[in-house]
Amino acid sequence: MAFRRRGLSVNSGSGKTRGGAAISNYSPGARAVNRDVTTGIVCDVYAVYRLHNQIFFMRFRRTSRYAFWIALIVFCCLHVAAQTQPSKTAIAYFTDVAQKAGLTAPIVFGGKETKKYIIETTGSGAAIFDYDNDGWPDIFLVNGTTLEGFPAGKGPTNHLYRNNHDGTFSDVTVKSGLNATGWGQGVCVGDYDNDGWEDLYVTYYGENRLYHNQNGVFTEVAEKAGVAGSGKAWGIATAVSI
């Protein structure tokens with residue numbers, strides 16, 4: 001066999017045999033050429049191996065990137081679905097039906113975007129009671145105001161919602177005499193004069209108010225009953241023990 005590489009010519013014809021194995025008569029030059037050829041083959045194989053790895057890892061990175069985004073989208077969808085579906089192990093699950101039920105009046109308490117003073121951050125109270133003795137629970141919501149105030153007759157008021165016995169409510173605030181405005185805070189319910197009709201006591205930043213329930217119509221009697229306060233105090237929470 002003849003090898004030709006880099007201008008060298010070496011003949012590696014078969015020589016003597018020993019034990020059935022052929023012994024080639026290589027010269028030092030032939031060994032150098034063989035080593036050079038072998039090195040070239042190894043280099044070529046290594047180059048192919050590196051190219052294969054580069055292609056594999058490029059595809060792997062691209063696939064991994066796609067897989068990451070797909071997994072993220074699936075996770076977000078499952079998370080949203082979990083938030084909108086009740087858990088089988090949840091003790092209670094609530095859905096906001098205020099608009100559907102007719103509880104639409106806004107609650108105003110200080111600035112809408114920013115709040116500068118503590119009075120703007122406290123929020124207001126609520127009471128659920130049967131104000132007209134029809135056996136169905138009604139809702140009373142305390143309202144607030146803003147530092148800037150409102151024109152006369154335009155300020156937000158408390159709201160009383162009468163239960164319509166079908167899962168909806170009607171606003172009866174004006175009819176019942178509870179359309180007061182101011183920095184309302186807390187509220188409690190109790191029949192203070194034991195006439196069988198539940199009354200309301202509402203605390204304010206300023207004078208508090210006691211509403212006497214007379215067959216579903218309320219009259220403010222805090223001053224008369226001696227529970228209005230000085231007007232210089234800040235009434236926060238209320239409680240009643242029956």
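Biologist: How many bridges pair β9 and β10, and in which sense?

Modeller: β9 and β10 pair over 5 bridges, in the antiparallel sense. Pairing here takes at least two DSSP bridges between two strands. Strands are DSSP runs of E with at least two residues, helices are runs of H or I with at least four residues, and both are numbered from the N terminus.

Biologist: Before we go on, what should I know about the model and the numbering?

Modeller: This is a predicted model, where local features need pLDDT of at least 70 and side-chain atom pairs count only at pLDDT 80 or more, while totals for chains, interfaces and linings use all residues. Residues are numbered from 1 along each chain as its sequence is written, and side-chain values use heavy atoms, with hydrogens and water left out.

Biologist: Okay, back to the strands. In β10, what is the bridge partner of Gly190?

Modeller: That's Asp199.

Biologist: What order do the strands of the open sheet have?

Modeller: The open sheet has 4 strands, in the order β9-β10-β11-β12, with antiparallel pairing. β9 (184–190) and β12 (217–220) are the edge strands, each pairing on one side only.

Biologist: How many bridges join β10 to β11?

Modeller: There are 3 bridges between β10 (residues 199–204) and β11 (residues 209–214). Val202 stands opposite Arg209 in β11.

Biologist: How many residues of β9 are buried?

Modeller: 7 of the 7 residues of β9 are buried, so β9 is largely enclosed by the rest of the structure. Buried means under 20% relative accessible area, exposed means over 50%, and partly exposed is in between, with a 1.4 Å probe and protein chains only.

Biologist: And Thr203, buried or exposed?

Modeller: Buried, because its relative accessible area is 4%. Thr203 is in strand β10, and its side chain reaches the backbone nitrogen of Gly186 at 2.8 Å.

Biologist: Switching to helices: where is Val174 found?

Modeller: Val174 is in helix α3 (residues 173–176). Val174 counts as exposed because its relative accessible area is 64%. From Val174 to Val217 is 43 residues in sequence and 9.7 Å in space, C-alpha to C-alpha.

Biologist: What about Ile70, buried or exposed?

Modeller: Ile70 is exposed, with a relative accessible area of 53%, and belongs to helix α1 (residues 28–84).

Terms used. Polar contact = N/O pair within 3.5 Å; in protein donor to acceptor, adjacent residues only side chain to side chain.
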